[in-house]
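The following paragraphs lead through a single model, beginning with the chain as a whole and ending with individual residues. Please keep the sequence and the coordinates in view while reading.

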Amino acid sequence: MRAESSATTPSPIAVATPGPERPGFGTLQAALGVVAFSLTFPATAWGLEGFGPWSLVAVRSVLAALIAGGCLLALRVPLPARRHWAGLAVVGAGVVLGFPLLTTLALETSTTAHAAVVVGLLPLTTALFSALRVGTRPSRTFWVAALAGAAAVLAFTAQQSGGALTTADLYLFAALLVCAAGYTEGGRLARVMPGWQVIGWALALCLPLTVPVAAFALAHEPVHLTAHSVTGLLWVAAGSQFVGLVVWYRGMAAIGIPKASQLQLAQPLLTLVWSVLLLGEHLTVAAPLTAAAVLVCIAVTQRSRG
């Protein structure tokens, strides 16, 4: 089937262009994506208990691609138009490969609390990428609130890690850039195709790379199957890599990339909560104060006009 077939013989179910949605529903979808993403670092820490970093990232991508591919085949979704493949490649490089690999490598030597700094800066970086790529022009109030929220989260997560920069920070800041690029391009594509197809095709596009890497890594890295490692792998594959991105891209398409990205200001704090419950880490008394500051910033960004 030719790539342009989606433009000439559209399926009434599979390739219908997303229609306008209520902003409140778009906010809800983006928020559900944030909740799913907030579990990614703790789930990755669990996965690393039984898998090597390369095995974990490659296998999670392959499993997510199988889920997405099954949906695409079941609904007989035609291939995207050729003009969309470059954008899908950016999504694949940033969201499917770059961010998972770089953060997993960081979590080998970093705690989830310290790694959460990358998520605290991600909303601001995504808004910057959006302004450059999509041409959005948020208001001055939006930027002030975004910077204040990012600063609050950065200060909190830095305090949690003692303020020391480690080798893992190089991975984290690189992950921040590639993920922001993937989010921005995915949010743009979600305006012309369903969000689940954006991540679905990006995952499928990466299969020629992730399958051989998974086979090689599994043969050379030790594997110890435990309840934690299997649960962590399944979550990052199905929850973080597919379902979370589906609702996230739909939310961005409905309410705009900058506003959706600001909901992620709450993600580091959610991650710290999961870290306490699932990993036994401890929070400081600064947590509720930071949470209140973040919620105020989110409220301001959601009400400001671009």
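In the protein chain, 93% of the contacts with a separation of 6 or more are made by residues 24 or more positions apart, where contact means heavy atoms within 4.5 Å. The model is a predicted one, in which local features need pLDDT of at least 70 and side-chain atom pairs count only at pLDDT 80 or more, whereas totals for chains, interfaces and linings use all residues. Residues are numbered from 1 along each chain as its sequence is written, and side-chain values use heavy atoms, with hydrogens and water left out.

The protein chain contains 13 helices and zero strands; these elements are DSSP runs numbered from the N terminus, helices being H or I with at least four residues and strands E with at least two. For 306 residues, a compact globule would have a radius of gyration near 19 Å, and the protein chain agrees with this because its own value is 19 Å. That radius is taken over C-alpha atoms, and the globule rule is 2.2 Å times the number of residues to the power 0.38. The C-alpha trace spans about 60 × 50 × 25 Å along its principal axes.

Of the 306 residues, 54% count as buried (buried is under 20% relative accessible area, exposed over 50%, and partly exposed in between, with a 1.4 Å probe and protein chains only). The chain exposes about 13300 Å², and carbon and sulfur atoms supply 71% of this area, as computed by the Shrake-Rupley method with a 1.4 Å probe, where for residues only the protein chains shown count as cover.

A search of the whole structure finds one cavity of 30 Å³ or more; a cavity is a set of points, on a 1 Å grid over the protein atoms alone, where a 1.4 Å probe fits but cannot get out, and its lining residues have an atom within 4 Å of a point. At least two lining residues come from each of H3 (40-47), H5 (85-107), H6 (112-133), H8 (168-189) and H10 (227-255).

Helix H3 is largely enclosed by the rest of the structure, because seven of its eight residues are buried. One of the buried residues of H3 is Thr44, which has a relative accessible area of 3%. Beyond its neighbours within four places in sequence, threonine 44 is in contact with Leu56, Arg60, Thr104, Leu107 and Val236.

Helix H10 contains leucine 245, which counts as buried at 2% relative accessibility. With neighbours within four places set aside, leucine 245 is in contact with Phe37, Val95, Tyr183, Ile199 and Ser240. Its C-alpha atom is separated by 12 Å from that of tryptophan 201, a residue 44 places away along the chain.

A contrasting site is arginine 76, in the loop between helix H4 (53-74) and H5. Arginine 76 is exposed, with a relative accessible area of 72%. Its phi is near 55°, a positive value in a residue other than glycine. Most residues other than glycine have a negative phi.

How values were computed
1 Å grid on protein atoms, 1.4 Å probe; cavity = no way out; pocket = protein on both sides within 12 Å on 5 of 7 lines; lining within 4 Å. Points joined across faces, edges and corners; volume = space filled by probe spheres on them.
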